[in-house]
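Student: Can we walk through this one together? Show me the structure.
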Amino acid sequence: MRIVKVTVYKADIPLVAPFRIALGATEVAENFFVRIDTDEGIHGWGEGSPFPPIVGETQAICLAAARDMARLLIGKDPLDVEARVREISSFLPHNTTARSAFDMALYDILGKAAGLPLYRLFGGSPRELLTDDTIGIDTPAAMAEKAVKFKEEGFHAIKVKLGTTPEEDIERVRRIREAIGEGIPIRVDANQGWDLTAAVEALTGIEGFGVQYCEQPVAAGDLDSMRAVRERARIPIMADESLFDVYDALRLVKEEACDYFNIKLSKSGGLHMALRIAAVAEAARMACMVGCMSETRLALTAAAHLASARPIIRFLDLDSALTHTVDPIVGGMEYGEGGRIILPDGPGLGAEVDPAFLGKCESFTVS
Ligand code: MG
């Protein structure tokens, strides 16, 4: 099998409302889709959702990178995913979101060629997948109101964005817990918004409010502070921005800097590296979450297949498509009651991008 054509689509997805985290606010998900066509009539789909403050990529950077990556792939065997992923990652080692879309499309082709859904291809089985839903940074009152809505919708866990000041953040969590009562875990995410002192103050202030864990309290590169936060605070720490690849995973384990990993395809460069991170996590007995940036249900489907195939992934934060005003995906994972994720049974991802949506997107083809 040979790759004969790659088409890249610029996909802008407006959000229902601006979504604010400690690193900035988003109003439109500036994503892109990649379609890889082969000489045997099988095609694969991938998607990237670059979040610049974390991955250092914009949509424009991803589109430029995609053009060069497409040229690298033409004429080659898509089923040799190992070789293709290594070629792409040695060409652009830091462009993880651009790479993740190609990695995803290659696995989609592999699954279709094998006649297996990706979770089966990875040796896994269907299992219960429950995502949380996330509240962006806002006033404590507005965040508490949203938490009540999520509780009424039946979500089993609520994720809360923090990372301004300890006083404000403690008040946010206090108001949310007061509004939703006991029983539903709250997960918090500071997105690097605190320093060591602020992190310890904030986490000590919210430790009585049923907080399951805290993502990325301090700067991504500051593992010393992350370990110190972990030593001084009682809430478990999850590495997110500190964890891109398997080498980061090993370093985090050795430094004893976190309790959990947050794996995202847009940081790992796709499924290939995500599976390797999951292997390190298993060896270190480090439970994982699989998270998202602002992907549509296409890339979320890939992440859900990964989660289904690897039980070390205990937590899911695959809620981004719930914030979009358009859903351009046909097939793929579906949201059931209370954040239940239902995976498709078709081969590969089991998802396609709606041709009517693609017809309105800017695109280019490399062949
Ligand atoms: Mg996070």
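Student: Which residue stands opposite I158 in β6?
Tutor: I158 faces I186 there. Strands and helices here are DSSP runs numbered from the N terminus: E for at least two residues, H or I for at least four. Numbering starts from 1 along each chain as its sequence is written, and side-chain values use heavy atoms, without hydrogens and water. This is a predicted model: local features need pLDDT of at least 70, side-chain atom pairs count only at pLDDT 80 or more, and totals for chains, interfaces and linings use all residues.

Student: How many bridges join β5 to β6?
Tutor: Four, between residues 158-161 of β5 and 186-189 of β6, which run parallel. Pairing takes at least two DSSP bridges.

Student: And what is the strand order in the open sheet?
Tutor: β4-β5-β6-β7-β8-β9-β10-β11, eight strands with parallel pairing.

Student: New topic. Which residues coordinate the magnesium ion?
Tutor: D189 (OD), E215 (OE) and D240 (OD), at 2.0 to 2.2 Å. Donors are N, O and S atoms within 2.8 Å of the metal (3.2 Å for Na, K and Ca); water is not among the atoms, so sites may look incomplete.

Student: Where do D189 and E215 sit?
Tutor: D189 is in β6 and E215 in β7 (residues 211-215), 26 residues apart.
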